[in-house]
Structures are given as C-alpha cells and as structure tokens.
Amino acid sequence: ASVPDGDGGIVHVSFLSFQLSSEEERADYCALFEDIGERKALQNLLARRTVLQTRMAAISSGFVVSGDFRGTLERALLDMLSISKARLAVLFVMSYTGALVPELEVLSPDASPSSSPRAPIFSEGEDFFWKSLLKKDRLPTLLVVDSTVEGMSYGGREFLRRRNISSVAILPLLLKGSLQGFLALADPDMHWAYDADEPVLSVLSSLLAIALERRNEEESLRMSHKLIHDRFSGAVSALCQVSELRDMLTAGHQKNVSALAESLAGEMGLSDEIRMAVRYAGLVHDLGKLYIPAEILGKPHSLSDAEYMLVKKHPEYGHDILSPLGFPWPLADIVLQHHERMNGTGYPFGLTGESICLEARILSVADAFDAMTSDRPYRKRKSAAEALRELAELAGSFYDREI
C-alpha cells in the first residue's frame, strides 16, 4: 500500500494487520507497517535497467550487422531519445584538428516544433561550452548538467537559456582512452542522473566510438580508392591520346568503342567492375599500333600479307605495354584477346567460345561496329543498319550471340 507520511508525502509500505480483542461488537485491530521505499526504488531501477539493456543491445547489434552507417546512426539516436525522454539528440565528433563537428541532429518525434531549441545547439565559435564539460581528468560515463549545477559558469547558463534547454546529458564516446566525440541529449528525464554508472552505457559509448572510427576508416579507404582510380583513369586517357596522335585517320575510334562497350555491359546488367574494365580497355585497345609504321596504318588500299601479319601483332604489342602497369582491371588480357573470334578464327591465339574473356567478347562487338560505321582510307563506311545486319549474320561464329 501507499500511505501518507505525515509531511505531505507518500510512503510505500507492506503491512500485516491482526485483531487485538475477541469482542464481536467492537473489535480492535493493529497493523505492522514496513517501509519498502528502498525495495520499490530498486525494483524500478531494475525494470529501467532491463529496458535499457534491451534497447542498448538492439542499438549495438545495428552497428554490427548494418552497412548503412548513417541510417543506423539515426535509428540509434531515435532509440536514445525514446529511452531518455529527451527532446533532442546531437552527435558531435572530434575532428583531426581537435575541433567539434556536429555529425547528426535528431529531434524527438514526440517533441513539438515549438519546444525545439530556440537557437542552434551548436554554433561556430561557441564550442567552449561543450569543451568545458569535457575538460575533466576522468570523464564519467554520463554527465547530466543543468542551469543550477554547482560550478556552472554564467556563460554556460546563458548558453542553455538561449537555447531553451533546462538540462543536458553528455555521453562521452571513448575508444582506447581517446575521446572520439560525444552524444548530447537535451532535457532528458532526470532518472538519467541515476544511470550514470550503468555498465551498459559504457558499452554503448564504446560501440558508438567504434562505429565512428570504422566510418572514418571506410571514408579514408574510399578516398584512397578514388585517388587511385583517378590516377589510373588519367594514365589510361593519356595512353589513349598518345595512341590517337599516332594514327590520326582513326582518331576518336577508341573513345567510341569505349563508350559503346560500357553501354553494352550496362545493358547486360554486368557489375560496375566489368563496366569499368571494358570502358578503359576500349580507350587503349589499339595501343599496340604504336609499333606499326604510320605508312602501313594510313595505306589507302589493301595491305599485303606481310603488312597484314604485322598489323595483327598489335594486340600483343598492346598487351606488352599494359602488363607492367598494374591496373586494377585486366586491361592487358582484354586488349590481347579483343580480335579473337568465337569459332577460333581470330588472332593471336585462335581462342574459342568462353575461353575468350567476357570483356574481350564485348569489346570485339563494339570495335567491329564502330569500324564498320567509320570511313577508312581503303573503303567507305556502312550505315548503322548495315553494320547491325552484318553483326547479326556473324553472331555465334565471330561474335558472342548474346552480346
């Protein structure tokens, strides 16, 4: 039961009553009361801890299994708002320069727009408030401050007042003793002041810090990949330009073949890796013609057998140029095989069917189409319809039927 304590409050008690006399008309009773306020408080704390642990486990598992960092982080902050009954959650990260950077801000779905902070919770040049809270020899798992807390500076009180915030809970994100950032919760339920030493909050702090570190590492890796990709693509473009300067009569052919081959790979639903491979292989597939004398490449009539045999060596020459460069795509092999034919009549090795790599089979179709629809010194170009008709006739024998 709950009984008045005589001072206007309520005491939680358990009681046992018994009869003092045996008179039927008038019976006297006595009740022994035991104050169970502490037990009730422990029960409430246990119930709160159980909820906290369950929700924290769900948040933690989200970071472990999900590849969507931003979405997982937003869901985690929404969960933290639900648990803490706070109006606003803001995740701050420490940059490499030591500056505070707001990573994500989430308003509680239950909070009305009018109850949101009147001013941004973070403004450039005003990070002194947050840093003053974090400048401690030993950061607690959770720090709850309000405008009445002992030691709060006038500037700190003004900071909270201007933002219509009564109190703020700070969850530092520590990893290997290093501060990665912190989570700020505006106006949480005050029971958070009693949860400050909860081990589960320490685990959450570590997991959020690990998630931030992993995100930073992935971003750094992505930037490294982009830098490497840009350097390789620049090298390929330079090789393409050198090759086309050598044979001005077919300038633009390699770029056309590159664009068409990439489109074909896209139509076939192939991976980005294969699309990139045929794009860059297309740009340099005739690179080996650098070793062919210009008078042969620009000859206005049919080549002799000896000249044709020399021209047929250009895939091997291209392979020799590209092999030492270590591209992330098999450009050398694609270039080597782009004149192979499905029935084994191609060169240089007479490969057949699927022993020819898929990228080379795509490139050979694009190469043939652009060659047929372009003027050459020894013949006029065909129309697109004529070229497509010839490709269709040779599908299965020269070219991959599906491509």
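Helices here are DSSP runs (H or I, at least four residues) numbered from the N terminus. This is a predicted model, where local features need pLDDT of at least 70, side-chain atom pairs count only at pLDDT 80 or more, and totals for chains, interfaces and linings use all residues. Numbering runs from 1 along each chain as its sequence is written, and side-chain values use heavy atoms, with hydrogens and water left out.

**Helix 6**
- H253, Q254, V257, S258, A261, E262, L264 and A265 are buried in helix 6, buried being under 20% relative accessible area, exposed over 50% and partly exposed in between (1.4 Å probe, protein chains only).
- Those residues cover an arc of only 160° around the axis, so they sit on the same side of helix 6; the arc is taken from the directions from the helix axis to the C-beta atoms.

**Salt bridges**
- The structure has 8 salt bridges, each a side-chain nitrogen of Lys or Arg within 4 Å of a carboxyl oxygen of Asp or Glu.
- R87 and D187 pair up at 2.4 Å, N to O.
- R87 is in the loop between helix 2 and strand 4, and D187 in the loop between strand 8 and helix 5, so this pair ties together parts 100 residues apart in sequence.
- Both R87 and D187 are buried.
- K313 and E316 form another salt bridge, at 3.3 Å, N to O.

Terms used
Helix = DSSP H or I, 4+ residues; strand = E, 2+ residues; numbered from the N terminus.
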